[in-house]
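Work through the exercises below with the model open. Try each task before reading its solution.

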Amino acid sequence: MKTPLLLSLATALVAAVAYGQTPRPGAAVDPTEAVPAFNPVEFEDGVVTFHMYAPQAKNVEVRGEAITVAGKSSLPMSRDDRGVWSASLSGLRPDGYTYIYMVDGAPTVDQKNTGAKVGPRGNNNRFLMPGYPEFHADRPVPHGKVEINFYPSELLKETRRLWIYTPPGYSTGSQKYPVLYLLHGSGDLEGGWVEEGRANFILDNLLAAGKAKPMIIVMPRGHVMADSQIDREKNNAMLQQALYAEIVPYVDSHYRTLADRNNRAIMGLSMGGGQALRFGLQNTNLFASVIGLSPAIRYPEETYKKMFADLVANPEKTNLRMKLLMIFCGTKDHLVDASDNFDRFLTASLIKHEYRRTEYEPMWPGRRDDHTWPIWRMNLRDAAPLLFR
């Protein structure tokens with residue numbers, strides 16, 4: 001008596017499954033269902049191979065940081081009969097890199113790679129090659145915490161985010177710590193120094209080796225708007241006021257900080273490097289240590305004299321007050337001329353500083369530009385131990 005019932009249930013189940021697999025007329029169809037299975041990025045013997053599905057495309061190529069560091073402007077791809085485009089890149093030093101596809105001339109992110117780099121100038125993808133440098137690896141050492149905080153900005157008329165790193169032991173102790181304000185570049189947002197720069201792992205490893213002082217790192221957004229860019233001078237002026245009047249007081253009131261100028265530093269890369277030099281050197285009452293990495297600070301000498309009038313008015317006093325003033329830049333960085341000019345201005349103004357103008361050719365032969373994350377990670381590794389000494 002039970003067999004017919006079981007057969008009826010089985011028949012009904014098969015029918016239901018079949019019905020579920022057949023889209024109703026007008027029903028939405030997931031376009032990813034037709035994508036063949038493949039790995040977006042593969043690594044073998046130091047060779048990076050990219051794969052991208054674009055069956056209707058006429059031309060696809062890889063561009064971005066990884067290609068630039070390898071000494072190329074673009075990497076052409078070829079298509080197989082599944083519609084998957086592929087290309088291999090050799091000679092790339094193992095590290096973390098970003099890339100983007102150009103599909104028939106249009107920038108296109110890799111839909112199969114979950115590592116996404118977002119910013120107001122457009123989105124990219126990232127990968128981490130096997131054998132990347134130990135200094136930014138997630139090694140088995142005590143790890144700090146990265147928190148995302150929301151603070152109300154009256155000046156910018158919105159609630160804004162701060163990414164904040166606290167060192168190992170912060171949450172269970174009572175110690176107060178110095179603070180580094182770490183600023184990103186124009187292509188990133190406030191999470192850039194963690195997601196791309198791996199700053200938290202760099203500090204964890206330095207601290208575990210006893211090479212740096214424990215510190216809090218504050219990473220604010222360097223753009224007034226998250227999804228677009230406004231005039232650079234207006235952007236900087238608004239953010240400078242927000243830093244002085246809102247961000248620093250917020251951090252000092254919400255975290256256990258050593259809230260004095262000697263225990264406060266500011267550092268940044270590219271756009272953030274220019275901001276760090278400007279914001280820090282125009283208010284030495286707040287910051288005693290200032291570091292620019294590939295800084296985007298390009299003005300005539302007369303503008304520098306006006307911009308930093310208080311700094312250069314009494315060089316002897318400035319030199320006594322500043323604990324650290326540094327510039328880092330690679331010789332093939334497209335902003336090296338700007339760094340050279342600012343170095344000459346500081347030298348002529350008798351302001352003590354250190355300029356690390358570095359040749360990376362033995363490490364990356366044939367590269368096109370030193371304006372890259374692998375170099376800024378090394379800069380942070382080298383600069384952090386010098387702070388708060």
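**Exercise 1: A strand and its partners**

Task: In this predicted model, which residue in S15 is the bridge partner of Leu-180?

Solution. Go to S15, residues 264-269. The bridge partner of Leu-180 there is Ala-265. Now widen the view to the strands. S13 (residues 179-183) and S15 run parallel and are joined by five bridges. Next, take S16, residues 289-293. Five bridges join S16 to S15, and these strands also run parallel. Within S16, Val-290 is the bridge partner of Ile-266. Last, trace the chain from S15 to S16: the path goes through helix H6 (residues 271-281), and this β-α-β crossover is right-handed.

**Exercise 2: Two faces**

Task: Are the residues of S15 buried or exposed on each face?

Solution. Start with the rule: side chains in a regular strand alternate between the two faces of the sheet. Then sort the residues. One side carries Arg-264, Ile-266 and Gly-268. The other carries Ala-265, Met-267 and Leu-269. Buried means under 20% relative accessible area. Both sides pass: six of the six residues in S15 are buried.

**Exercise 3: The cores**

Task: Which residues have the most contacts inside the largest nonpolar core?

Solution. This core has 58 residues, and Phe-50, Phe-127 and Trp-193 have the most contacts inside it. Its largest share, six residues, comes from helix H11, residues 373-383. A second, separate core has 44 residues, among them Tyr-255 and Met-322. Return to Phe-127. Beyond its neighbours within four places in sequence, its contacts include Val-41, Phe-43, Phe-50, Leu-92 and Tyr-99.

Note on methods. Residues are numbered from 1 along each chain as its sequence is written. This is a predicted model: local features need pLDDT of at least 70, side-chain atom pairs count only at pLDDT 80 or more; totals for chains, interfaces and linings use all residues. Side-chain values use heavy atoms; hydrogens and water are left out. A nonpolar core is a set of buried Ala, Val, Leu, Ile, Met, Phe, Trp, Tyr and Cys residues joined through side-chain atoms within 4.5 Å. Buried means under 20% relative accessible area, exposed over 50%, partly exposed in between (1.4 Å probe, protein chains only). Helices (H or I, at least four residues) and strands (E, at least two) are DSSP runs, numbered from the N terminus. Contact means heavy atoms within 4.5 Å. Two strands pair if DSSP finds at least two bridges between them. A crossover is right-handed if, with the strands pointing away from the viewer, the path from the first strand over the helix to the second runs clockwise.
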